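User: I would like to go through this model label by label, with the criterion behind each one. Please set each value against its definition before drawing a conclusion.

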Amino acid sequence: MSVITYIGLGSNLGDSAQILREAVEKLSTLGRVQVSRLYHSPPMGPQDQPHYHNAVARLVTELEPLSLLDALQDFEQESGRVRFRRWGERTLDLDLLLYGEKNIINERLTVPHIGIVERDFVVIPLLDLDQNIQIDGQALRNLEFVQHSTLTVLADSNWANIK
(Lines give C-alpha, C1' and ligand atoms only; values in the text may rest on other atoms or scores of the structure.)
Protein backbone atom coordinates (compact mmCIF):
# COMPACT_ATOMS: atom_id res chain seq x y z
CA MET A 1 0.00 0.00 0.00
CA SER A 2 1.34 3.44 -0.92
CA VAL A 3 1.96 6.02 1.78
CA ILE A 4 2.72 9.74 1.55
CA THR A 5 6.02 10.61 3.19
CA TYR A 6 7.96 13.83 3.49
CA ILE A 7 11.74 13.94 3.31
CA GLY A 8 13.84 16.92 4.41
CA LEU A 9 16.83 17.66 2.17
CA GLY A 10 19.82 19.75 3.21
CA SER A 11 23.37 20.44 2.07
CA ASN A 12 26.01 23.07 2.73
CA LEU A 13 29.19 21.47 1.37
CA GLY A 14 30.15 21.13 -2.28
CA ASP A 15 27.75 22.04 -5.10
CA SER A 16 24.70 21.87 -2.83
CA ALA A 17 22.09 22.50 -5.53
CA GLN A 18 23.52 19.69 -7.69
CA ILE A 19 23.83 17.34 -4.70
CA LEU A 20 20.17 17.93 -3.85
CA ARG A 21 19.10 17.42 -7.50
CA GLU A 22 20.90 14.07 -7.50
CA ALA A 23 19.24 13.15 -4.18
CA VAL A 24 15.80 13.88 -5.65
CA GLU A 25 16.67 11.74 -8.67
CA LYS A 26 17.53 8.87 -6.29
CA LEU A 27 14.33 9.43 -4.32
CA SER A 28 12.37 9.07 -7.56
CA THR A 29 13.56 5.45 -7.73
CA LEU A 30 11.54 4.80 -4.56
CA GLY A 31 8.23 6.25 -5.75
CA ARG A 32 6.53 9.38 -7.07
CA VAL A 33 8.30 12.59 -5.99
CA GLN A 34 7.28 16.23 -5.81
CA VAL A 35 9.56 18.94 -4.37
CA SER A 36 9.18 22.26 -2.62
CA ARG A 37 10.98 25.38 -3.68
CA LEU A 38 14.73 25.44 -2.96
CA TYR A 39 15.76 27.64 -0.04
CA HIS A 40 18.90 29.15 1.45
CA SER A 41 18.99 29.24 5.24
CA PRO A 42 21.41 30.13 8.00
CA PRO A 43 22.85 27.16 9.88
CA MET A 44 20.92 25.93 12.90
CA GLY A 45 23.98 24.76 14.81
CA PRO A 46 27.46 26.27 14.86
CA GLN A 47 27.46 29.58 13.00
CA ASP A 48 30.99 29.19 11.58
CA GLN A 49 29.76 27.15 8.61
CA PRO A 50 28.19 27.93 5.22
CA HIS A 51 24.46 28.57 4.87
CA TYR A 52 22.36 25.59 3.80
CA HIS A 53 20.38 24.72 0.73
CA ASN A 54 17.10 23.18 1.97
CA ALA A 55 14.00 21.66 0.43
CA VAL A 56 11.38 19.05 1.21
CA ALA A 57 10.27 16.21 -1.04
CA ARG A 58 6.90 14.51 -0.93
CA LEU A 59 7.50 10.85 -1.72
CA VAL A 60 4.67 8.41 -2.33
CA THR A 61 6.21 5.01 -1.69
CA GLU A 62 5.46 1.41 -0.81
CA LEU A 63 8.49 1.12 1.46
CA GLU A 64 8.04 0.49 5.17
CA PRO A 65 9.52 3.18 7.47
CA LEU A 66 12.80 1.44 8.36
CA SER A 67 13.37 0.33 4.78
CA LEU A 68 12.88 3.93 3.67
CA LEU A 69 15.29 5.13 6.36
CA ASP A 70 17.87 2.59 5.13
CA ALA A 71 17.46 3.84 1.56
CA LEU A 72 17.88 7.47 2.67
CA GLN A 73 21.04 6.61 4.59
CA ASP A 74 22.38 4.71 1.57
CA PHE A 75 21.75 7.77 -0.63
CA GLU A 76 23.63 9.95 1.88
CA GLN A 77 26.62 7.58 1.80
CA GLU A 78 26.55 7.36 -2.01
CA SER A 79 26.73 11.15 -2.17
CA GLY A 80 29.93 11.07 -0.13
CA ARG A 81 28.19 12.34 2.99
CA VAL A 82 30.54 14.12 5.32
CA ARG A 83 29.44 15.13 8.82
CA PHE A 84 32.12 16.82 10.89
CA ARG A 85 30.18 17.64 14.06
CA ARG A 86 26.69 17.67 15.54
CA TRP A 87 24.54 20.17 13.63
CA GLY A 88 27.59 20.99 11.55
CA GLU A 89 28.26 21.16 7.87
CA ARG A 90 27.36 18.22 5.68
CA THR A 91 27.38 17.16 2.07
CA LEU A 92 23.87 15.69 2.20
CA ASP A 93 21.28 15.28 4.91
CA LEU A 94 18.06 13.37 4.23
CA ASP A 95 15.56 13.26 7.10
CA LEU A 96 12.36 11.24 7.17
CA LEU A 97 10.04 13.96 8.48
CA LEU A 98 6.61 12.35 8.19
CA TYR A 99 5.41 8.89 7.26
CA GLY A 100 1.69 9.06 6.55
CA GLU A 101 -0.16 9.64 9.81
CA LYS A 102 2.14 7.36 11.80
CA ASN A 103 3.90 8.20 15.03
CA ILE A 104 7.06 6.11 15.27
CA ILE A 105 9.50 6.00 18.15
CA ASN A 106 12.29 3.46 18.21
CA GLU A 107 16.07 3.42 18.56
CA ARG A 108 16.59 4.23 14.87
CA LEU A 109 13.71 6.48 13.93
CA THR A 110 11.40 9.09 15.39
CA VAL A 111 8.48 10.28 13.24
CA PRO A 112 7.33 13.01 13.14
CA HIS A 113 10.97 14.07 13.07
CA ILE A 114 12.08 15.77 16.27
CA GLY A 115 11.94 19.56 16.14
CA ILE A 116 9.94 20.00 12.94
CA VAL A 117 7.69 22.69 14.40
CA GLU A 118 10.72 24.73 15.51
CA ARG A 119 12.50 24.81 12.15
CA ASP A 120 11.44 27.24 9.44
CA PHE A 121 13.74 25.50 6.94
CA VAL A 122 11.50 22.42 7.31
CA VAL A 123 8.06 23.96 7.89
CA ILE A 124 8.07 26.45 5.02
CA PRO A 125 9.07 23.88 2.37
CA LEU A 126 6.44 21.49 3.84
CA LEU A 127 3.85 24.24 3.37
CA ASP A 128 4.94 24.61 -0.28
CA LEU A 129 3.74 21.03 -0.73
CA ASP A 130 0.63 21.11 1.47
CA GLN A 131 -0.78 24.34 2.94
CA ASN A 132 -3.05 22.32 5.24
CA ILE A 133 -0.41 20.03 6.73
CA GLN A 134 -0.71 19.39 10.45
CA ILE A 135 1.50 17.69 13.00
CA ASP A 136 -0.20 16.31 16.09
CA GLY A 137 -3.24 18.47 15.32
CA GLN A 138 -1.21 21.68 14.94
CA ALA A 139 -1.60 23.51 11.63
CA LEU A 140 1.92 24.41 10.53
CA ARG A 141 0.74 27.48 8.61
CA ASN A 142 -0.29 29.03 11.96
CA LEU A 143 3.19 28.89 13.48
CA GLU A 144 4.42 32.40 14.27
CA PHE A 145 7.80 32.07 12.52
CA VAL A 146 6.11 31.24 9.21
CA GLN A 147 5.40 34.98 8.88
CA HIS A 148 8.96 35.97 9.88
CA SER A 149 11.14 33.43 8.13
CA THR A 150 14.91 33.74 7.71
CA LEU A 151 14.79 31.73 4.48
CA THR A 152 15.68 33.02 1.03
CA VAL A 153 14.03 31.38 -1.99
CA LEU A 154 16.70 30.24 -4.45
CA ALA A 155 14.47 28.52 -7.00
CA ASP A 156 10.88 27.50 -7.64
CA SER A 157 9.75 23.88 -7.53
CA ASN A 158 11.24 23.18 -11.00
CA TRP A 159 14.80 23.27 -9.58
CA ALA A 160 15.06 19.48 -9.31
CA ASN A 161 14.21 18.75 -12.96
CA ILE A 162 11.96 15.84 -12.02
CA LYS A 163 11.08 13.72 -15.01
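**Strand pairing around S4**

User: Which residue of S4 stands opposite His40?

Analyst: His40 stands opposite His53 in S4. This is a predicted model, in which local features need pLDDT of at least 70 and side-chain atom pairs count only at pLDDT 80 or more, while totals for chains, interfaces and linings use all residues. Residues are numbered from 1 along each chain as its sequence is written, and side-chain values use heavy atoms, with hydrogens and water left out.

User: What makes S3 and S4 a pair?

Analyst: Strands are DSSP runs of E with at least two residues, helices are runs of H or I with at least four, and both are numbered from the N terminus. Two strands pair if DSSP finds at least two bridges between them; strand S3 (residues 38-41) and S4 are joined by three, in the antiparallel sense, so they meet the criterion. Tyr39, for instance, has Asn54 in S4 as its bridge partner.

User: With which other strands does S4 pair, and over how many bridges?

Analyst: S1 and S4 pair in the antiparallel sense over nine bridges, and here Ser11 stands opposite His53. S2 and S4 are also antiparallel, over five bridges, with Ala57 in S4 as the bridge partner of Val35. On the S3 side there is a further antiparallel pairing, in which three bridges join S3 to S10 and Leu38 has Ala155 in S10 as its bridge partner.

User: Why is S4 described as largely enclosed?

Analyst: Buried means under 20% relative accessible area, exposed means over 50%, and partly exposed lies in between (1.4 Å probe, protein chains only). Ten of the ten residues of S4 are buried, so the strand is largely enclosed by the rest of the structure.

**Cores and Phe75**

User: What makes a group of residues a nonpolar core, and which residues have the most contacts inside the largest one?

Analyst: A nonpolar core is a set of buried Ala, Val, Leu, Ile, Met, Phe, Trp, Tyr and Cys residues joined through side-chain atoms within 4.5 Å. The largest has 30 residues, and those with the most contacts inside it are Ile7, Leu9, Leu27, Leu68, Leu94 and Trp159. Two or more residues come from each of strand S1 (3-11), helix H1 (16-27), strand S2 (31-35), strand S4 (52-61), helix H2 (65-78) and strand S5 (93-99). H1 gives the most, with six residues. Apart from this core lies another, of 19 residues, among them Tyr6, Leu127, Leu140 and Leu151.

User: How do you know whether Phe75 is buried or exposed?

Analyst: Phe75, found in helix H2, has 9% relative accessibility and therefore counts as buried. Leaving aside neighbours within four places in sequence, Phe75 is in contact (heavy atoms within 4.5 Å) with Lys26, Leu27, Thr29, Leu30, Leu92 and Leu94. Under the same exclusion, Leu94 is in contact with Ile7, Gly8, Leu9, Ala23, Leu72, Phe75 and Glu76.

**Backbone features**

User: Which peptide bond is cis, and where is its proline placed?

Analyst: The bond from Val111 to Pro112 is cis, with omega near 0°, and Pro112 is in the loop between strand S7 (110-111) and helix H3 (120-129).
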